[in-house]
Amino acid sequence: MSIFEVTGALLPIFGLVLLGASLRRFGFPEDSFWPQADRLTYFVLFPALIIDNLANTRLNQPELLPLTLILVISILCISTLTFIFSILFKTPATVFTSVLQGSIRPNTYVGLAGAASLYGTEGVALTTVAIASVVPLVNVISVTAFVQMIPQRRSGIKAVLMGILKNPLIVGCLLGLFLSVSQWGLSGTPKEMMAMLSKASLPLGLISVGAALRIQTLGNWFALSKSSIFKLILSPMLVWGLCMYFGVEGMPRGVAILYAALPCSVSSYTLSAQMGGDKNLVAGIITVQTLLAMLSIPWILGSFA
């Protein structure tokens, strides 16, 4: 798949992101709308999308295990590299936790929309498997970093860990995996309802991503650059190398590289605010990476997928 083909497939996705940014800038709808839209997408629509795609996925497919292993290895490697850099450059704890999140937490809204545009329903199903393996891991790594680097936040660790266990994406993954493993799947009215909710999740989620962009929070360009290089370039390149090593080809390799190349998740801002991190730096990282990803993802996929 050429760079131009990838760009053409992804343009509607980033068009919706830019639409969200424009709507927020012009004050339509009112600012009070966006938090509620985020909550609806996060707690209802997006879990429905995950359940809908995982419930009828055959988990005995040979490409699923290497796909999961590759993504887990890449996250552990990038996390370790981020920690080493923080020691070498004597990075403050609040900056380190921001860069760490910016280096490993993927924006799953963009990932699922991209998989749907490039690879269809099968690509979305593989991406939901990636979500099931990656989301719990990046949450545990991020929370552990906050606890170790910002000790005064230890008192809130129980609440945060409970929040991880109650994370609607994780709950959706577990429920979808259960339906798949049990071979109950989804059919009839429940299937139709989940499918309808799924169709609403990605457009609203992408518009909300755009509405969350904050140009005015840009600063600390060294931290912004480091996290962006790690997340948008080094991470997908590492995944590409692991795919070559494990012999993963075709669509599974494209899905793995796409997922590794995603910009930082908006949920990083919420966790940073909860755990005493530098939330303004995280907001800047999310903004810069989302804008850069419009160029980096087509190049990465066109060159290596």
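## Exposed loop residues

A residue is termed buried under 20% relative accessible area, exposed over 50%, and partly exposed in between (1.4 Å probe, protein chains only). The structure is a predicted model, in which local features need pLDDT of at least 70 and side-chain atom pairs count only at pLDDT 80 or more, whereas totals for chains, interfaces and linings use all residues. Residues are numbered from 1 along each chain as its sequence is written, and side-chain values use heavy atoms, with hydrogens and water left out.

With a relative accessible area of 72%, Q183 is exposed. Its position is the loop between α7 (168-181) and α8 (188-211); helices here are DSSP runs (H or I, at least four residues), numbered from the N terminus. The phi angle of Q183 is near 65 degrees, which is positive in a residue other than glycine. K90, also not a glycine, has a positive phi of about 50 degrees. The loop between α3 and α4 (93-104) holds K90, and K90 counts as exposed because its relative accessibility is 75%.

## A cis peptide bond

The peptide bond that leads from F28 to P29 is cis, and its omega is near -10 degrees. P29 belongs to the loop between α1 (3-25) and α2.

## Packing of α3 on α5

Helix α3 (residues 64-88) and helix α5 (residues 108-149) have axes that come within 10 Å and cross at roughly 30 degrees; axes are lines fitted to C-alpha atoms over the stretch in contact, with angles from 0 to 180 degrees between N-to-C directions. The two helices are therefore roughly parallel, a term for angles under 35 degrees.

On the α3 side the contact (heavy atoms within 4.5 Å) is formed by L64, L67, T68, L71, V72, I75, L76 and S79. The α5 side contributes L126, V129, A130, S133, V134, L137, V138 and I141. By class, the residues of this contact comprise 13 nonpolar, three polar and no charged. Nonpolar covers Ala, Val, Leu, Ile, Met, Phe, Trp, Tyr, Cys and Pro, charged covers Asp, Glu, Lys and Arg, and the others, Gly among them, are polar.

## Packing of α9 on α12

The axes of helix α9 (residues 221-246) and helix α12 (residues 279-304) come within 9 Å, crossing at roughly 30 degrees. α9 is therefore roughly parallel to α12.

From α9, the residues W221, A223, L224, S227, S228, K231, L232, P236, M237 and W240 take part. They meet L281, G284, I285, V288, Q289, L292, A293, S296, I300 and F304 of α12. This contact divides into 14 nonpolar residues, five polar and one charged.

## Nonpolar cores

A nonpolar core is a set of buried Ala, Val, Leu, Ile, Met, Phe, Trp, Tyr and Cys residues joined through side-chain atoms within 4.5 Å. The largest one has 72 residues, and F46, L118, V239, Y259, I297 and L301 have the most contacts inside it. Helix α5 supplies the largest share of this core, 21 residues.

Setting aside neighbours within four places in sequence, Y259 is in contact with L71, P106, T108, T127, A130, I131, V134, V135 and K231. A second, separate core has ten residues, including V99, L281, V282 and I285.

## A buried aspartate

D52 is part of helix α2 (residues 33-54). Its relative accessibility is 11%, so D52 counts as buried. Not counting residues up to four places away in sequence, D52 touches L186, K191, M194, A195 and S198.

Terms used: Parallel < 35°, antiparallel > 145°, perpendicular 65-115°, else oblique.
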